[in-house]
Amino acid sequence: MLKLAFYAASTAVPTAMADTIDLDFQQIAGGSSAMSVLIDGGQVDAGHMIHTITSGPRAGESFRSFCVELAEQAQTGSATYDIVDVADAPNPGSPYGQAVADAVSAVVANAEALGWIDGNLQADENQSGYLGKMGAIQAAIWEAAGGVLNLNSSQTSDELSFYYSVLMNDLTFDDTLRMSGLRAAVAVGQQDMLYIVPLPPAAFAGAGLLLAGFGVRACRRR
């Protein structure tokens, strides 16, 4: 089964020093255990996406976040990403505008409020339901960007659906929350990713271990 994989966190994250960053997509966290969701009629992987920084003083370090684009595929191979306002993403494509940018920011800010991720989009992989929570965050981001989710489909992971209902609960979700410093890293030919400016210094030990045992899978719609 071919699925769409989307962006991920960092064990060692670069400090933003310029308007671009060079990244090489590796895979979605969890590998074959990653969550799935049916969106716009196609089954895709959803979760924290792992990249390697390929230039500058932090070359070789791992970088994770979430995808903020529905159209393009995640491809292996280094690419240069421009750092832009989320409202100006995606590239290529028509800009999302501020309403979508605010909706995306509210999703990650509410996930932070729940303790699932921190203010740099990073997460404790040992927390209960890590893959389900990251999948739910990713699915909600895509929905905020205009995707149509089918959470009741057999092609959507039950765990993702459960945590989506927790994250997006009408009684607790605060649509006024915003994630400080949230931007988008965009590149033609690659899925665009969320990015925090400035990114922190290395925060997690053993990033290389996260990649061990997981095959690299390009992400694309079935």
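1. The buried residues of helix α3 pack against β2, β3, α1, α2 and β7, where buried means under 20% relative accessible area, with exposed being over 50% and partly exposed in between (1.4 Å probe, protein chains only). In α3 the buried residues are L160, S161, Y163, Y164 and L167. Contact here means heavy atoms within 4.5 Å, and helices (H or I, at least four residues) and strands (E, at least two) are DSSP runs, numbered from the N terminus.

2. A word on the basis of these remarks. This is a predicted model, in which local features need pLDDT of at least 70 and side-chain atom pairs count only at pLDDT 80 or more, while totals for chains, interfaces and linings use all residues. Residues are numbered from 1 along each chain as its sequence is written, and side-chain values use heavy atoms, with hydrogens and water left out.

3. Four helices and nine strands make up the secondary structure of the chain, and along the sequence they follow the pattern β-β-β-β-β-β-α-α-β-α-β-β-α. Of the 222 residues in the chain, 55% are buried. Among contacts with a separation of 6 or more, 78% are between residues 24 or more positions apart.

4. An open sheet is formed by three strands in the order β3-β2-β7, with antiparallel pairing; two strands pair if DSSP finds at least two bridges between them. Its edge strands are β3 (42-46) and β7 (149-150), each of which pairs on one side only. Strand β2 (residues 35-39) is joined to β3 by five bridges in the antiparallel sense, and M35 stands opposite A46 in β3. Helix α2 packs on this sheet, touching β2, β3 and β7, and its direction makes about 20° with that of β2. Helix α3 (residues 158-167) also packs on the sheet and touches β2, β3 and β7, but its direction makes about 75° with that of β2.

5. The axes of helix α1 (residues 98-113) and helix α2 (residues 130-144) come within 8 Å and cross at roughly 165°; axes are lines fitted to C-alpha atoms, for helices over the stretch in contact, and angles run from 0 to 180 degrees between N-to-C directions. The two helices α1 and α2 are therefore roughly antiparallel to each other, given that angles over 145 degrees count as roughly antiparallel, under 35 as roughly parallel, 65 to 115 as roughly perpendicular and the rest as oblique. In their contact, V100, A103, V104, V107, V108 and A111 of α1 meet I137, A140, I141 and A144 of α2. The residues of this contact divide into 10 nonpolar, no polar and no charged, where Ala, Val, Leu, Ile, Met, Phe, Trp, Tyr, Cys and Pro count as nonpolar, Asp, Glu, Lys and Arg as charged, and the others, Gly among them, as polar.

6. Strand β4 (residues 49-53) is mostly covered, with five of its five residues buried. M49, H51 and I53 point one way from β4, whereas I50 and T52 point the other way. Five bridges join β4 to β1 in an antiparallel arrangement, with I28 opposite M49, and four bridges join β4 to strand β5 (residues 62-65), again antiparallel, with M49 opposite S65.

7. L23 lies in strand β1 (residues 20-28) and counts as buried because its relative accessibility is 0%. Leaving aside neighbours within four places in sequence, L23 is in contact with H51, T52, I53, T54, F63, G77, S78, A79 and Y81. The C-alpha atoms of L23 and F63, which are 40 residues apart along the chain, are separated by 8.2 Å.
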